[in-house]
Every structure is written in C-alpha cells, then in structure tokens.
Amino acid sequence: MGEPLLRVENVVKRFGGFQALGGVSLEVQPGERFGLIGPNGSGKTTLINCISGTLRNDEGRIFFRGQDITALPAHRRTWRGIARTFQIPRPFGTMTVLENLRVTLEYAARERARAGDPAVEAMEILAGVGLDPKAGAISGLLTQIEMRKLELARAMAAKPALLISDEAMAGLSSSEVDELLEILLRLNAAGTTVIMIEHIMRAVMRFSERIAVLDAGEKIAEGPPDKVVSDRAVERAYLGE
Amino acid sequence: MQARWLLALAGVLIVGAFVVTRTVDNRYVYFAAYGILQYVLLATAWNILGGYTGYVNFGTGAFFALGAYTSVFLIQAVQAPLVVLIVAGGLVSGLLGFGIGYLTLRLRGVFFSIATLALAVVLETMMVNWEYVGGAKGISIIRPSAGPLFTNYVQLLFVVMAALAMGAVAVAWFIEHSRIGRGFATIRDNEEAAECMGVPTLRLKLLATTVSGCLMGIAGAPFPYYITFVEPVSAFNLSYAVNSLAMPMVGGTTSWVGPIIGAVLLGTLQQLATVTISSELNLLIVGVVLVAFVVLAPEGILGLLRRGTRRTRA
C-alpha cells in the first residue's frame with residue numbers, strides 16, 4: 001500500500017471529564033470506500049468532527065496527504081480537500097438550493113481546479129443527485145430526503161478528495177437509501193475517497209470495502225465487512241453479552 | 001449593468017441634493033434631511049453586520065459617538081478640516097469594530113449583543129471622564145465658514161451626508177453582490193456548516209465588524225458640526241442603537257434597499273412626530289413599529305413585497 005490519504009494517529013477527545021475518543025488510529029487509502037460503524041455514543045461523529053476540524057482533538061495527530069492538519073481550522077481542511085455532510089442537515093436555509101452549492105464552489109473549491117461558471121457547475125452537480133428541479137427552491141423548506149441530497153450535493157461542490165458522509169441515510173425509506181448509495185458509489189467511481197458513517201447495516205455492508213468499528217471511544221475491530229460482522233467484540237458491543 | 005445604473009442614480013441624487021440647496025432656503029429642511037440621511041448611513045452600516053452575517057450589534061451608539069468624539073478631539077487639537085474628521089472617525093471606529101470582531105470567536109447570538117451594549121456603556125463612561133473633549137458637561141463646537149458654494153453650514157453638511165450615505169449604500173450593494181456577501185450569508189445561516197464548506201468565517205466576520213464600525217464612525221464624524229454641542233448622553237444615545245436596528249428590520253435585512261426604506265420611513269415619521277406632537281414620542285413610535293413588524297412581517301417591507309409578487313405570479 002502507498003501513502004494513505006488520511007491517517008488518524010492516536011486521537012483523544014475529551015468533553016470535560018468524559019473521554020469521547022480514547023486514542024483512535026486509522027488509515028484510509030486513496031480511492032477507498034471506508035465504513036465507520038458503532039453503537040450510539042461510540043464516538044463516530046466526534047471522530048469525524050476532529051477529522052473535519054469542527055472540533056480540535058486534545059491529543060494525537062491527523063495527517064491528510066501526508067501533511068499534518070491537526071492545527072488547521074475547518075475551512076483550511078476543506079480547501080485541502082476534506083468535505084463532510086452533517087447528520088442533521090444544516091443547509092444555508094435562507095438561500096436557494098443552487099446558491100448553497102454556488103457559494104461552496106466559490107469558497108471550497110477555490111484553490112483547486114474549478115471549471116468555469118459556478119452556477120453552471122452547481123447545476124450539473126444538482127442534476128447528478130436529481131435535485132435539479134429544486135434548484136430555485138429555498139433550501140430551508142425542502143423535505144427530508146431532499147435535504148439529505150442537498151447535504152451530499154453541497155459536500156460534492158467542495159470538490160473533495162475525501163468525502164465524509166455522516167449518517168446521510170438515517171430515517172429514509174429503503175428505496176431512498178438505495179438512491180443515496182448509488183450517488184455515493186458513483187462519486188467514488190469518479191475518484192473520491194468516501195468515509196461512510198451509518199447505522200443502516202445493509203447500506204454500509206454493501207458500500208464499504210473496509211469497516212472500522214468504534215465502541216465507547218475505542219476502535220474494537222477493523223477489516224473487510226464480512227470479517228467485521230462476525231467478530232465477537234463487535235457482536236458484544238452491539239448486542240451485549 | 002445594474003451597477004452602472006445605480007451609480008448614475010447616486011450621482012444624480014447627490015447633484016440633486018446640491019441643486020436643492022440653491023432653491024430651498026428653509027434651514028429646518030436641511031436639518032431634518034441630514035437626520036434622515038444619517039440614519040440611512042447608520043442603518044446600512046448596521047445591516048452589513050447584523051443583516052448580512054446575523055450578528056446583532058446593540059452598540060451603534062458607541063461606534064457613532066467614537067466617530068463624533070474623534071472629531072471633537074481633532075477640532076480641539078488642530079482645527080482639522082471636515083474631510084480629515086470623516087476619515088479619522090471612520091478609521092478609529094473601524095479599529096474598534098475590528099476588535100469587536102474578535103469577540104465573535106467566543107460570543108455568539110445574544111451574548112455578542114450584550115457585549116456590544118456593554119461596550120457602549122464603557123466608552124460613554126470614558127468620555128464622561130475625559131475633560132479635554134468636554135467631559136460630562138459637554139463642549140460647544142463652532143462651525144467653520146460654509147465656503148463659497150453654500151449659504152450656510154447645515155446645507156454643506158446635508159450634501160456631505162447625502163454623499164456619505166450614498167457611499168455606504170454602494171459599499172453594501174457591492175458586498176451583497178460579491179462572493180464576500182454570499183460568504184456573509186452562510187455565516188448568518190449556519191456558521192459551522194459555513195466553516196466546513198470552506199468559508200473562512202473569522203476573517204469574514206472581522207471584515208463585517210470593521211466595515212460596519214467604520215461606516216458608523218463616519219456617520220458620527222460630522223455630528224459635532226451638525227449639533228454644535230457634544231455631550232455624552234446625546235452622543236451615546238440609545239436611540240442610535242434602537243433606530244439602526246429597527247430600520248433594517250422594518251425595511252428588510254437581506255437587501256441593501258431594506259435599511260434605506262426603513263430609515264426614510266421611520267426617520268421621517270420621527271421627524272414629523274417631533275415637530276407635531278413631542279420629541280419624547282420618538283422611541284415609542286420606533287418601538288411600536290418594530291414590535292408590529294417582528295410579529296407580523298419578520299422579513300420587513302421587502303419580505304411583504306416579495307410575498308405579494310409571488311402571490312400575483314402564482
């Protein structure tokens with residue numbers, strides 16, 4: 001294996017006296033589809049908050065493309081190619097769907113390749129996720145599935161090398177889950193590395209090439225999906241003794 | 001294209017203001033018009049921070065008075081000309097705005113607002129205790145001669161304020177139609193998401209607080225010559241904070257037009273009330289109108305208009 005795209009080294013995050021992450025390490029290879037699972041409160045979202053820069057880790061280091069990004073604010077990490085979605089959609093609610101993408105193209109993709117007119121490009125991305133009929137709608141008024149798609153589309157507009165999808169599918173119907181999976185698979189096929197955090201096992205199992213399992217802030221298993229689900233520790237974490 | 005038309009319009013308005021001074025002689029008209037234009041400037045300045053980025057500033061009085069007192073100081077010290085006063089007032093208040101910008105690192109929402117309110121109290125106390133600029137008892141300022149173009153100094157101030165207000169609106173227009181303005185809006189909508197979409201939020205917030213503070217200082221700079229007697233209670237008056245917040249809210253905060261509509265409407269209303277009923281009634285009027293709008297039309301007059309056009313189209 002060559003140099004990993006993302007290397008998380010012994011990351012610790014505490015909230016007051018509570019340790020949310022107790023020294024997590026993992027590596028994600030370029031082009032990989034990486035799944036991150038674990039019971040509620042296991043630290044998945046905290047970990048990706050640390051990777052995206054929304055939170056600062058107390059100990060440990062994070063490398064992206066071999067460079068230490070631990071001290072960088074979130075927007076600089078985005079400039080380097082890390083984009084994320086939010087578990088609870090956070091659209092720029094007073095803007096239209098198209099404007100949400102346009103402003104992201106203008107700010108996030110700025111230093112790297114950006115082809116042509118941002119409005120045109122935003123429309124192409126929207127068409128890719130099937131949201132183009134809603135381009136002119138105020139984003140705060142969308143339905144759940146539309147907002148999830150917008151979250152994904154906006155993250156895609158950041159032209160990331162690594163896209164982190166935080167429970168994009170929670171609460172969606174089975175056909176809607178398939179629709180989002182399709183979008184992520186297509187994105188990955190076009191060269192974007194994807195970390196998927198998901199509770200819907202069917203989706204993670206189908207999507208991921210490799211899965212890491214978090215429990216109580218520790219990584220308890222890592223490997224190909226079929227190996228991970230048959231792991232004793234994982235079973236214990238999910239089902240108890 | 002639109003920009004060129006608006007620039008032309010602004011030019012026409014300034015020339016128009018000048019032409020008016022040739023024809024209308026009543027001094028009160030200029031006095032009142034200056035007051036309204038000053039509010040166009042203040043409301044526009046407030047809106048750049050409060051409307052575009054969503055950080056509500058209760059300390060307009062502080063920035064305004066700092067501009068005014070910078071002028072008092074420079075008049076006292078070196079008899080500086082009006083142009084210098086305006087530039088200096090803008091610089092000093094802009095600097096204060098830059099400092100306030102760093103507060104946004106830790107203070108969001110209502111806590112930021114409280115801090116700006118406290119700032120006004122602190123600055124007022126400082127001015128009360130600074131004898132050189134008049135202290136608590138205030139200071140009289142003597143107007144210079146109006147020069148060959150104007151028959152009196154209030155006319156000159158009126159034209160200057162018209163130009164300054166227009167300049168502020170131009171700044172707001174430019175911000176709104178640029179990448180910067182779209183970045184501001186992401187901060188207003190969701191700061192954390194903005195940061196994750198590559199928007200350098202701190203840098204943009206510092207820009208917003210600096211520009212907003214600077215324009216408020218510019219609004220205050222000619223104030224000593226306008227009022228000819230500066231004392232802390234009137235310079236730091238709460239009505240500046242209330243008005244510059246209420247006017248954009250009434251007009252509509254998401255567009256540069258909103259503060260103008262609000263300032264002209266509320267400013268005129270207050271002038272009329274001052275003349276016809278009583279000068280004490282001003283803030284009551286503003287309060288009632290503001291409450292009515294917040295409850296009935298939270299997006300201001302522009303929001304109402306937009307809803308109206310949408311309905312007719314549908």
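How many bridges join S4(A) to strand S5 (residues 67-68) of chain A, and do the two run parallel or antiparallel? In this predicted model, two bridges join the pair, and the strands run antiparallel. Within S5(A), Gln67(A) is the bridge partner of Phe64(A). The hairpin of S4(A) and S5(A) has two residues between the strands. Arg65(A) takes a positive phi in this hairpin, near 50°.

Chain A holds an open sheet of four strands in the order S2-S1-S4-S5, with antiparallel pairing. Strand S2 (18-28) and S5 of chain A stand at the edges. Each has a single partner strand, so one side of each is left without a neighbour in the sheet. Packed on this sheet is helix H1 (residues 44-52) of chain A, which touches S1, S2 and S4 of chain A. The direction of H1(A) makes about 115° with that of S1(A).

The remaining pairings of this sheet involve S1(A). S1(A) and S2(A) pair in the antiparallel sense over eight bridges. Here Val12(A) stands opposite Gly22(A) in S2(A). Strand S1 (residues 6-15) of chain A is also joined to strand S4 (residues 59-64) of chain A. Five bridges link these two strands, which run antiparallel. Val8(A) has Ile62(A) in S4(A) as its bridge partner.

Chain A also contains an open sheet of six strands. The strand order is S6-S7-S8-S3-S9-S10, and the pairing is mixed. Strand S6 (82-84) and strand S10 (218-223) of chain A stand at its edges. Each edge strand has a single partner, so one side of each is left without a neighbour in the sheet. Neighbouring strands of this sheet are turned by 20° against each other on average, direction ignored.

Arg84(A) stands opposite Ile164(A) in S7(A). Helix H6 (residues 174-189) of chain A lies across strand S3 (33-37), S7 and strand S8 (193-197) of chain A. This helix runs at about 150° to S8(A).

In chain B, a helix pair was examined. Two packed helices are described by the angle between their axes and the distance between the axes. Helix H6 (residues 153-176) of chain B and H9(B) pack at an angle of about 170°. Their axes are 11 Å apart. Angles over 145 degrees count as roughly antiparallel; H6(B) and H9(B) are therefore roughly antiparallel to each other. From H6(B), Met161(B), Leu164(B), Ala168(B), Val171(B) and Ile175(B) take part in the contact. They meet Val211(B), Leu215(B), Ile218(B) and Ala219(B) in H9(B). The residues of this contact divide into nine nonpolar, no polar and no charged.

A search of the whole structure finds one cavity of 30 Å³ or more. The lining consists of Leu49(B), Asn57(B), Phe63(B), Gly97(B), Ile100(B), Thr209(B), Ser212(B), Gly213(B) and Met216(B). Helix H4 (82-103) and helix H9 (201-220) of chain B are the elements that give two or more residues to this lining. The largest share, four residues, comes from H9(B). By residue class, the lining divides into four nonpolar, five polar and no charged.

Methods: Residues numbered from 1 in each chain as written. Chains lettered and ligands numbered in written order. Predicted model: local features only at pLDDT ≥ 70, side-chain atom pairs only at ≥ 80, totals over all residues. Heavy atoms only, no water. 1 Å grid on protein atoms, 1.4 Å probe; cavity = no way out; pocket = protein on both sides within 12 Å on 5 of 7 lines; lining within 4 Å. Points joined across faces, edges and corners; volume = space filled by probe spheres on them. Nonpolar A, V, L, I, M, F, W, Y, C, P; charged D, E, K, R; others polar. Axes fitted to C-alpha atoms, helices over the stretch in contact; angles between N-to-C directions. Parallel < 35°, antiparallel > 145°, perpendicular 65-115°, else oblique. Contact = heavy atoms within 4.5 Å. Pairing = 2+ DSSP bridges.
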